[in-house]
Amino acid sequence: MKVIVNVARVIVGILFIFSGLVKANDPIGLSYKMQEFFLVWGTSFLDGISLALSVIMIAFEIIAGVALLLGWRIKTVSWLLLLLIVFFTFLTGYAHLSGKFKNCGCFGDCIPITAQTSFIKDIILLVLILLIFFNTKYIKPVFARGATTILLLLATVFSFAAQWYTLKYLPVADCLPFKKGNNIPQQMQMPANAIPDSTIITFVYEKAGKKVEFTAETFPEDFDDSTYKFVDRYDKVIRPGVNNEPPIKAFGLTAPDGKDITQEILNAGKVVLLFVEGAETPLEKWQEGFARIVADAQKKNVPVYIVSSAAARLKPAIDKTAFNAVEILSGDNTMIRTAARTNPTVYVLSKGTIEGKWSYKNFDKVSL
């Protein structure tokens with residue numbers, strides 16, 4: 001039993017550390033996934049703390065995994081892991097059984113897995129953690145107390161520092177469809193191996209005050225227009241498709257006059273886009289660096305645009321800067337949040353291909 005318990009300890013510890021590290025690469029992505037759950041549950045008032053919850057949860061996964069491997073305060077750690085995996089199992093089970101989420105963000109965008117796979121994974125982890133929970137007597141500390149304390153402190157500092165870095169300087173591994181080198185128009189196309197949904201036309205009629213549904217193959221034998229009143233018809237999905245969504249579902253840019261100039265920008269030889277999610281981030285944090293980018297672009301006749309989901313609210317602040325002549329385009333908030341993991345983020349496009357992308361912390365490294 002001792003060997004089995006310690007094998008389970010190693011497996012669980014490594015999986016928690018791995019899961020935390022993958023998500024630490026993009027903690028804001030997890031916060032967006034949390035907001036999806038909040039929206040479904042009617043608790044969107046928690047959106048404001050979703051990023052803090054994301055950072056804490058990711059750090060806890062890493063620290064708890066390290067603590068388990070080190071055998072540090074195993075009774076306390078096993079309790080915490082049990083509570084966490086019960087919570088995770090509930091989330092993944094809800095995501096799978098409700099059908100409202102294709103994935104739960106368990107391994108971030110770098111390793112997308114279905115809600116069903118996530119649920120099965122958590123069931124297995126729950127069994128392993130229960131095994132550990134009821135057999136903690138077989139787990140002993142690996143190192144002396146001093147060495148263990150130092151290793152846990154290092155793990156704690158690293159788990160928060162790594163997230164701070166990616167939140168300020170963009171993810172180390174870019175696993176999003178807007179990564180450097182991708183061509184946006186190509187990413188907006190349906191994958192070559194896409195399998196569409198299988199649907200069947202379903203008719204809705206009313207008879208004797210009750211609604212009945214049937215297909216062309218299952219028309220009732222007593223069907224008569226005088227007794228059946230047509231209500232509606234719709235396509236019912238009988239078998240979901242596979243890989244039937246483009247990586248970039250929407251990329252639209254609208255000029256102040258309401259004109260869609262998406263294709264104009266994607267067809268341009270070279271263009272600079274500054275993605276700003278909203279008007280909350282103080283311009284003082286990035287306006288000096290962006291002003292230098294604009295000045296360099298003007299010398300090289302490269303058009304520059306600001307893209308925001310809050311163009312009207314952002315414009316008064318932009319009007320007070322040295323780059324007040326830069327046109328502010330409107331874009332979908334979800335698209336901007338996917339494209340810009342830091343607020344703001346600057347892109348250099350060439351005929352729709354992303355030549356480079358930089359966090360506002362690295363505006364001095366932008367090259368045209």
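The paragraphs below follow the disulfide and then the aromatic ring pairs of this predicted model. Local features need pLDDT of at least 70 and side-chain atom pairs count only at pLDDT 80 or more, while totals for chains, interfaces and linings use all residues. Residues are numbered from 1 along each chain as its sequence is written, and side-chain values use heavy atoms, with hydrogens and water left out.

The count of disulfides, taken as pairs of cysteine sulfur atoms within 2.5 Å, comes to one. This bond joins Cys110 to Cys175, with an S to S distance of 1.9 Å, and the link of Cys110 and Cys175 is right-handed, with 85° about the S-S bond. Cys110 sits in the loop between helix H4 (74-98) and helix H5 (115-133), whereas Cys175 sits in the loop between helix H6 (145-169) and helix H7 (184-187), so that distant parts of the chain, 65 residues apart, are linked (helices are DSSP runs of H or I with at least four residues, strands runs of E with at least two, numbered from the N terminus). Cys110 is partly exposed at 32% relative accessibility, and Cys175 is likewise partly exposed at 32% (buried means under 20% relative accessible area, exposed over 50%, partly exposed in between, with a 1.4 Å probe and protein chains only).

Turning to the rings, there are 18 aromatic pairs, where rings of Phe, Tyr and Trp (its six-membered ring) pair if their centres lie within 6.5 Å, and planes under 30 degrees apart count as stacked, over 60 as edge-to-face and the rest as tilted. One of them is the tilted pair of Phe290 and Phe363, 6.4 Å centre to centre with 50° between the planes. Because Phe290 lies in helix H9 (residues 287-299) and Phe363 in the segment after strand S8 (353-359), the pair ties together parts that are 73 residues apart in sequence. Phe290 is buried at 0% relative accessible area, and Phe363 is buried at 4%. Elsewhere, ring pairs link Phe37, Trp41, Phe90 and Tyr94 into a cluster.
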